[in-house]
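Subject: Structure for your review

Dear colleague,

Please find the structure below, followed by an account of what was found in it.

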Amino acid sequence: MITYYDDRSVQVTSTTVRVDGRSYALSDITMIWHRRGTRSWRVLVGRGAIGAALAGPLVAAVLGIGVAVWLHRSPTVTIAIVGASVLVGLAVGPVADFLFEHLDRSYARGSRQLEIWARWRGQPVRLLRTGDALRFGQIYRAVQRAVEHGQPARPVTRR
């Protein structure tokens, strides 16, 4: 028996697909397909918030420099405002790595609900529903490989 994928709720082997305790024999599966749901606005708003958090200090720094030049104060006051604005702009540095990591994970997980369906014993059955795009891709490919591996070889006819 070959194991193509295995985690706490899904196991795909060369004989069966097990999802949340339910088993489906590969010999009874005739077709596999997937469906994508609508985009999750919560995920998209979260990505926008991360972008705003990254851009916020930089915008504040540029505005501070603009205000310093516009006020036409003494060189000491102008330098103090510009210096404070630059420090605010630099504040994004230590936080940027953390925010970019969250943004990257957000894209890896995806913004849609994804479903894997199979025709099992002649009936359509939803095998899996997840919002994690990376995990979905791994499981879907594992099921495809298992089904392909389990199909009998077709005889080649030569003329």
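Which residues of α3 are buried? They are Val92, Ala96, Leu99, Leu103 and Ser106, where buried means under 20% relative accessible area, exposed over 50%, and partly exposed in between (1.4 Å probe, protein chains only). Helices (H or I, at least four residues) and strands (E, at least two) are DSSP runs, numbered from the N terminus.

As to the source, this is a predicted model, in which local features need pLDDT of at least 70 and side-chain atom pairs count only at pLDDT 80 or more, while totals for chains, interfaces and linings use all residues. Residues are numbered from 1 along each chain as its sequence is written, and side-chain values use heavy atoms, with hydrogens and water left out.

Helix α3

The buried residues of α3 pack against α1 and α2 (75-90); contact here means heavy atoms within 4.5 Å. The 18 residues of α3 should span 26 Å at 1.5 Å a residue, and the 25 Å between its end C-alpha atoms agrees with this; the expected span is 1.5 Å times one less than the number of residues. After α3 comes Gly110, with a positive phi near 90°.

The largest pocket

The largest pocket has a volume of about 270 Å³. On a 1 Å grid over the protein atoms alone, a pocket is an open set of points where a 1.4 Å probe fits, with protein on both sides within 12 Å along at least five of seven lines, and lining residues have an atom within 4 Å of a point. Grid points are joined across faces, edges and corners, and the volume is the space filled by probe spheres set on the points. Of the 17 lining residues, Arg42, Val43, Ser106, Arg109 and Gly110 are the closest to the centre of this pocket. Two or more lining residues come from each of β5 (29-39), α1 (41-71), α3 (92-109) and β6 (112-120), and α1 gives the most, with five. By class, the lining has two nonpolar, nine polar and six charged residues; Ala, Val, Leu, Ile, Met, Phe, Trp, Tyr, Cys and Pro count as nonpolar, Asp, Glu, Lys and Arg as charged, and the others, Gly among them, as polar.

Nonpolar cores

A nonpolar core is a set of buried Ala, Val, Leu, Ile, Met, Phe, Trp, Tyr and Cys residues joined through side-chain atoms within 4.5 Å. The largest has 24 residues, of which Val12, Val17, Ile29, Ile32, Ile116 and Leu127 touch the most other members. At least two residues each are supplied by β1 (3-6), β2 (10-13), β3 (16-19), β5, β6, β7 (123-130) and α4 (133-150), and α4 gives the most, with seven. Another core, of six residues, lies apart from this one and includes Leu54, Val92, Ala96 and Leu103.

Tyr140 belongs to helix α4 and is buried, with a relative accessible area of 14%. Setting aside neighbours within four places in sequence, Tyr140 is in contact with Ile32, Trp33, His34 and Ile116. From Tyr140 to Ile81 the separation is 59 residues in sequence and 56 Å in space, C-alpha to C-alpha.

Positive phi in loops

Asp20, in the loop between β3 and β4 (22-25), has a positive phi of about 50° although it is not a glycine. Asp20 is exposed, at 61% relative accessible area. Arg121, in the loop between β6 and β7, has a positive phi near 55° and is likewise exposed, at 57% relative accessibility.

Yours sincerely
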